[in-house]
Amino acid sequence: AARTVLDNLFDCLTAWVAPFVCFTAEEAWLARYPSDTDSVHLRTFPEIPADWHDDLLAAKWDRVRDLRRVVTGALELERAEKRIGSSLQASPVVFAGPDYRDAMKAIDLAEIAITSDATLSADPAPAEAFSMADVPGVAVVPRLADGTKCVRCYRVLPEVTRDPSRGEICDRCADAVAHFPVAAE
């Protein structure tokens, strides 16, 4: 089942991205289906089965994207004011209504917002919070992230240490490095 899903994803994604990432899509297609006469650009878009459409899932991700858009808007203002340079320097507090909080269950807000950390709050938003008229129920107070920048993932986290045996990396990166050691030369 997993291989079938990956096969369908490959076929769909290569067709969909081919018009604007021409060479990359062609390289991916030919790596999987080597040919001197075939091309990803000779294909038509795949037919998507109607039963793949999930209205509840689509509505959930619409809310997630709207929430992220408000966070991005707040961070762009911080960038314009030169208070941050990268979104990874931020740790915003996002005040959201119940429908947005429900949509964010089991989703890491910091990953979605591309920030070092993020807090989702049910409290009423303060008056100075950034909001957008077309996304009611979401407001953001941008903050700087606490800690030191991880040299591997660039997230700013308090757990980043200057341990000579580990380097200046966060716990997540230390775990990744430990599980995927560098090959001996």
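Helix α3 spans residues 55-80, 26 residues in total. From its first C-alpha to its last it reaches 37 Å, close to the 38 Å expected at 1.5 Å a residue. The model is predicted.

Which residues of α3 are buried? They are Val64, Leu67, Val70, Val71, Gly73, Ala74, Leu75 and Glu78.

Look next at the two ends of the helix. At the start of α3, Asp54 uses a side-chain oxygen, which comes to within 3.1 Å of the backbone nitrogen of Leu56. Just after α3 comes Lys82, with a positive phi of about 65 degrees.

Ser87 lies in the loop between α3 and β1. Is Ser87 buried or exposed? Its relative accessible area is 12%, so Ser87 is buried. A polar atom of the Ser87 side chain lies 2.5 Å from the backbone oxygen of Ile114. Leaving aside residues up to four places away in sequence, Ser87 touches Leu75, Arg79, Ala113, Ile114, Thr115 and Ser116. Leu75 is also one of the buried residues of α3.

Now turn to α2, which covers residues 22-32. Its buried residues are Ala25, Glu26 and Trp29. Seen down the axis of α2, these residues fall within an arc of 100 degrees, so they line one face of the helix. An α-helix has 3.6 residues a turn, so residues three or four places apart point the same way.

Which exposed residues does the face turned away from the buried side carry? That face of α2 carries Phe23, Glu27 and Ala31. What covers the buried residues of α2 includes α1.

**An aromatic cluster**

Phe10, Trp29 and Tyr33 form one aromatic cluster. The model has three aromatic pairs, counting rings whose centres lie within 6.5 Å. Two of those pairs are described here. A pair of aromatic rings is described by the distance of the centres and the angle of the planes.

Take Phe10 and Trp29. Their ring centres are 6.0 Å apart and their planes are at 10 degrees, so this pair is stacked. The pair links distant parts of the chain. Phe10 sits in helix α1 (residues 2-17) and Trp29 in helix α2, 19 residues apart.

Next comes the pair of Trp29 and Tyr33. Here the ring centres are 4.6 Å apart and the planes are at 50 degrees, so the pair is tilted. How accessible are these two residues? Trp29 has 7% relative accessibility and therefore counts as buried. Tyr33, at 30% relative accessibility, counts as partly exposed.

**Charges over rings**

The table gives each case.

| Charged residue | Ring | Distance from ring centre |
|---|---|---|
| Arg32 | Phe10 | 4.8 Å |
| Lys149 | Tyr154 | 4.7 Å |

Most residues other than glycine have a negative phi, and most peptide bonds are trans. Ala106 has a positive phi of about 70 degrees although it is not a glycine. Where is Ala106 placed? It is in the loop between α4 and α5. With 90% relative accessibility, Ala106 counts as exposed.

Tyr154 is not a glycine either, and its phi is positive, at about 70 degrees. Tyr154 is found in the loop between β5 and β6 (156-157). Its relative accessible area is 47%, so Tyr154 is partly exposed. Lys149 lies over the face of this residue.

**Gly147 and its contacts**

Gly147 has its place in the loop between β4 and β5 (148-149). How far apart in space are Gly147 and Glu159? They are 7.1 Å apart, C-alpha to C-alpha, and twelve residues apart in sequence. Not counting residues up to four places away in sequence, Gly147 touches Val156, Leu157 and Pro158.

Note on methods. Residues are numbered from 1 along each chain as its sequence is written. This is a predicted model: local features need pLDDT of at least 70, side-chain atom pairs count only at pLDDT 80 or more; totals for chains, interfaces and linings use all residues. Side-chain values use heavy atoms; hydrogens and water are left out. Rings of Phe, Tyr and Trp (its six-membered ring) pair if their centres lie within 6.5 Å; planes under 30 degrees apart count as stacked, over 60 as edge-to-face and the rest as tilted. Helices (H or I, at least four residues) and strands (E, at least two) are DSSP runs, numbered from the N terminus. Buried means under 20% relative accessible area, exposed over 50%, partly exposed in between (1.4 Å probe, protein chains only). A charge sits over a ring if NZ of Lys or CZ of Arg is within 6 Å of the ring centre and within 35 degrees of the ring normal. The expected span of a helix is 1.5 Å times one less than its number of residues. A polar contact is a pair of N or O atoms within 3.5 Å; within protein, one must be able to donate a hydrogen and the other to accept it, and residues adjacent in sequence count only if both atoms are side-chain atoms. The arc is that of the directions from the helix axis to the C-beta atoms. Contact means heavy atoms within 4.5 Å.
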